[in-house]
Each structure stands twice: as structure tokens, then as C-alpha cells.
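Welcome! Take a moment to look over the sequence and the fold before reading on.

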Amino acid sequence: LLMMSPNTVIDRIELLLNKDEHTQQQYLLQQFDYSISAAYPIADESEKRIDVHASGCNREEPDELFLEWIANHPGTWSGVVHIFFKNEKAPSLSIHFKQSILNSYSQSFTENSGYQQNGYFAAQLKEVTINQIQMN
């Protein structure tokens with residue numbers, strides 16, 4: 001009896017970023033994290049809010065559009081992150097967001113090093129849907 005093991009090897013992580021209806025760019029990420037947290041005092045549930053934070057690491061140098069996102073230029077800054085597992089055509093996880101605000105971006109360089117120092121970003125996402133489930 002041959003047991004099939006679950007497919008847990010990630011093939012690629014795509015970020016599709018929209019500045020507005022007409023400006024869109026796809027990026028490949030080396031790494032991606034997200035966290036969901038309650039952002040209200042427990043004593044007062046009337047102010048109930050869910051925050052979604054995302055962070056990740058670029059595979060290539062930031063282009064002009066990505067730099068505009070980093071600098072919080074005017075725009076909607078909506079998008080989607082797709083996580084694809086090996087040998088699968090459809091993404092296993094899709095995180096859609098209708099608005100985002102970049103909190104931080106960092107990149108470091110080391111002298112005499114051939115190692116590519118990728119940029120690391122952190123953002124707050126608004127109106128988030130994860131695999132069709134509304135988060136905030």
C-alpha cells in the first residue's frame with residue numbers, strides 16, 4: 001500500500017500589486033508571512049477590529065512601482081498573494097487585499113559579498129480575503 005504524502009513543497013510565491021485600475025505589476029517573493037490579530041480592548045467589543053499584517057522578501061531589486069508602494073505614494077495599492085505548491089497549477093492559498101499601507105522596508109548590503117541582499121517589507125492589509133473568507 002503506497003501512502004501519498006501531502007504536497008508541502010512551495011514552488012513559488014507571487015505578489016500581484018495594483019497601484020490603481022490601470023497600473024499592475026507581478027513580483028516573485030522568496031518568502032512571505034502574514035498574521036491576523038484582534039486590535040481592540042477586550043473590555044470594549046464595540047470597537048472590534050481585526051488587523052492583518054504581511055511581510056515578505058523580494059526575489060529581485062525593487063522597480064519603480066514597488067518603490068512607489070514603499071514610499072506610500074497615492075494609490076489604492078490592492079493586490080493578491082498566491083502560494084503555489086510544486087506540480088500544482090492553481091494556488092493553494094490566495095490572499096486578496098483591497099488596500100495596503102507599507103509599514104517598513106529594509107535592505108542591507110555587504111562589501112565583498114556576492115550574496116544577493118533581498119529587500120524585506122512589512123505592510124498592513126485592509127479588506128482582506130483568504131481563500132474566499134473575509135478577514136477584515
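Here is a short tour, from the overall picture to the pairing of strands.

## The overall picture

What you see is a predicted model. The protein chain has 136 residues, and its secondary structure amounts to one helix and seven strands. If you follow the chain from the N terminus, the order of elements is β-β-β-α-β-β-β-β.

How far does the C-alpha trace span along its principal axes? The answer is about 55 × 50 × 35 Å.

Of the residues in the protein chain, 32% count as buried. The chain exposes about 8900 Å², and carbon and sulfur atoms supply 52% of that area.

## Contacts along the chain

Consider the contacts in the protein chain with a separation of 6 or more: 58% of them come from residues 24 or more positions apart.

Let's begin with strand E1, residues 10–18, and strand E2, residues 24–38. These two form a hairpin with five residues between them, and they pair in the antiparallel sense over six bridges. Within this pairing, isoleucine 13 has leucine 29 in E2 as its bridge partner.

Which strand pairs with E2 over nine bridges? That is strand E3, residues 50–58, again in the antiparallel sense. Here alanine 38 has isoleucine 50 in E3 as its bridge partner.

Note on methods. Residues are numbered from 1 along each chain as its sequence is written. This is a predicted model: local features need pLDDT of at least 70, side-chain atom pairs count only at pLDDT 80 or more; totals for chains, interfaces and linings use all residues. Side-chain values use heavy atoms; hydrogens and water are left out. Helices (H or I, at least four residues) and strands (E, at least two) are DSSP runs, numbered from the N terminus. Buried means under 20% relative accessible area, exposed over 50%, partly exposed in between (1.4 Å probe, protein chains only). Contact means heavy atoms within 4.5 Å. Accessible areas come from the Shrake-Rupley method with a 1.4 Å probe; for residues, only the protein chains shown count as cover. Two strands pair if DSSP finds at least two bridges between them.
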